[in-house]
Amino acid sequence: MLDGFLGDQRSIAAAEADAIATVRSVTAEADAMRKDIEKLNAQLSELPSIEDQLAQLAPHEQQLAALSAVAQAKAEQLNALSDTISVKGVASAAVQRFRAAVAKWRDALAPVQAMAAAEVWPANAGADALGDVRTRVATAHRYIAAALEELAAVEATTGQIASRFEAEKIGYEDQARALRRDIEGFQTGAGDIARRGHALRERKAQLESLRGVLSTRIAAMQSAAARRSAALDVLEAARTQRYEARAQAANRLNQVLGPRIRVAIMRGGLTNAFAATLTDALRGSGLRYNDMVGTLAQRISPRELLEAVENDDYDLVATRGSLSLDRAAKTVLALKEADLGSIATVPVEDYVTFSLLDGADHKDIADLSTGQRCTVILPLVLRHVDRLLIVDQPEDHIDNAFIADTLIKAILARPANGQLIFSTHNANIPVLGNADFVVQLESDGRRGFPLVAAPLSSANVVQAISSVMEGGAEAFRRRAAFYAQPRL
């Protein structure tokens, strides 16, 4: 109801929708980066063990090299080949990653090529105003098609490069096997030492090459986090702007309708949607979440929860949700598998209350009778000055005191272009409300028809109000005399 007084909110809604889309997209991107980083770190954790194994193997390799000049020469050749094979292996892996990335990009771009056919210009709409634009769209189609062809060519060329590296590596490995067979002729077990050394060095080289990949992923995730933070700032600004517009609308209504009717607003007071989103996210996790989502939703913002989950901030979740540290950690781990973008953008709506002055206190509309609720709602409806309002017999639920004290005040406060049509039996509404035009309706049992239709000051209208609404001039005089009698 309050939002009906805010005016055009399309710019705020558009900014909010754009920010939500950005946050959700970038959060998904950052989540993919995070998983890649976790996998890379798990792989790099092998390095200390490999280096220890190489250190233990070094004395045996030195002993093998010292057996003879020939064995030493062959061992040196084998070490050189091992280094070359390692380089080829690292290069091949890098090419394969590049080829996979190009293929992924081409697969993502392919669906957008099939744009629906443009609508044919209507024959009855004159000359086609979209002629040049259609040409540009066709050009865009060609660009996309050319890009897809180029990416396919790149993928094919990259596959050839990868095949070349693999072929070279296989050739070097054949040479290495021949050298190992020669070395085994000098000493039993020498080939096993050489194979182990070769395998360990190749694995070490491959893992060390992943350090650069890890740095790239970390930088990309940091960039995504910065873009998401900016989008969250925009989202917060849009929602703040809407709240401020609501607060201003409430203040304007209070100035006109107060103190009898009061409108109050609390920022972000409705957390039901947030709690429901958390419930959906934790469903199937094995956690007893029903007793904690309400507290957590009331005491932490969606943005704070997103950052706490991504940063493994168990302490914050435990404090805000009144949870043990162990339970908070399990909650964070469960939320890592949820759609964090949706959680971060869930709307926490403002809480608006309408209340009526009853004696010395204001009572919330939920605690009022039907008639009292009408005394709150009707003046608020009448403040919609930019539209035609039709009100049917408001006196059915409100008393004359409210009509004279509050309803008439709301009617008179409307601008001249705020048209009202009342259907009523209460004389206070047309008379005290200074009606521009009055129609008295009559019926013959089958149809209704206007009996009197004239301005308020017309003699016929005065007669109609006096007789129908007031019970006639004599009844009006008798009531007036009754009101004028002295009271004990």
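Predicted model: local features only at pLDDT ≥ 70, side-chain atom pairs only at ≥ 80, totals over all residues.
Arg 242 belongs to helix H5, which spans residues 190–257, whereas Glu 16 belongs to helix H1, which spans residues 10–44, so that the pair ties together parts that are 226 residues apart in sequence. Both partners, Arg 242 and Glu 16, are buried. Helix H5 also contributes Asp 233, which lies in that helix while Arg 303 lies in helix H8, so the pair ties together parts that are 70 residues apart in sequence. The salt bridge between Asp 233 and Arg 303 has its closest N and O atoms 2.9 Å apart. Asp 233 counts as partly exposed, at 42% relative accessibility, and Arg 303 is likewise partly exposed, with a relative accessible area of 24%, because partly exposed denotes values between the 20% limit for buried residues and the 50% limit for exposed ones.

A further salt bridge is formed by Arg 283 with Asp 280, in which the closest N and O atoms are 2.7 Å apart. Salt bridges also link several residues into a network, which consists of Glu 236, Arg 246, Arg 267, Glu 349 and Asp 350.

Helix H8, in which Arg 303 lies, comprises residues 302–310, and its buried residues are Pro 302, Leu 305, Leu 306, Ala 308 and Val 309.

The strands considered next are arranged in an open sheet of three, in the order E1-E2-E3, with antiparallel pairing. Strand E1 (261–270) and strand E3 are the edge strands, each of which pairs on one side only. On average, neighbouring strands of this sheet are turned by 40° against each other when direction is ignored. In general, the strands of a sheet pair through backbone hydrogen bonds, in either a parallel or an antiparallel manner.

The two pairings of the sheet can be described in turn. Strands E1 and E2 run antiparallel and are joined by seven bridges, and within this part of the sheet Ala 264 stands opposite Thr 353 in E2. Strand E2 (residues 349–358) in turn pairs with strand E3 (residues 361–364) in the antiparallel sense, over four bridges, and here Leu 356 stands opposite Lys 363 in E3. Strands E2 and E3 form a hairpin with two residues between them, and Gly 359 in the turn has a positive phi of about 75°.

Strand E2 is also the place of Tyr 351, a residue that is partly exposed, with a relative accessible area of 36%. Together with Met 266 and Leu 270, Tyr 351 forms a nonpolar patch on the surface, and the three residues have about 260 Å² of accessible area together.

Methods: Residues numbered from 1 in each chain as written. Heavy atoms only, no water. Buried < 20%, exposed > 50% of the residue type's maximum accessible area, 1.4 Å probe, protein only. Pairing = 2+ DSSP bridges. Axes fitted to C-alpha atoms, helices over the stretch in contact; angles between N-to-C directions. Patch = residues over 30% accessible without salt bridge, like charges linked within 9 Å, V, L, I, M, F, W, Y side chains within 5 Å. Areas by Shrake-Rupley, 256 points an atom, 1.4 Å probe, with all protein chains shown as cover. Salt bridge = Lys/Arg side-chain N within 4 Å of Asp/Glu carboxyl O.
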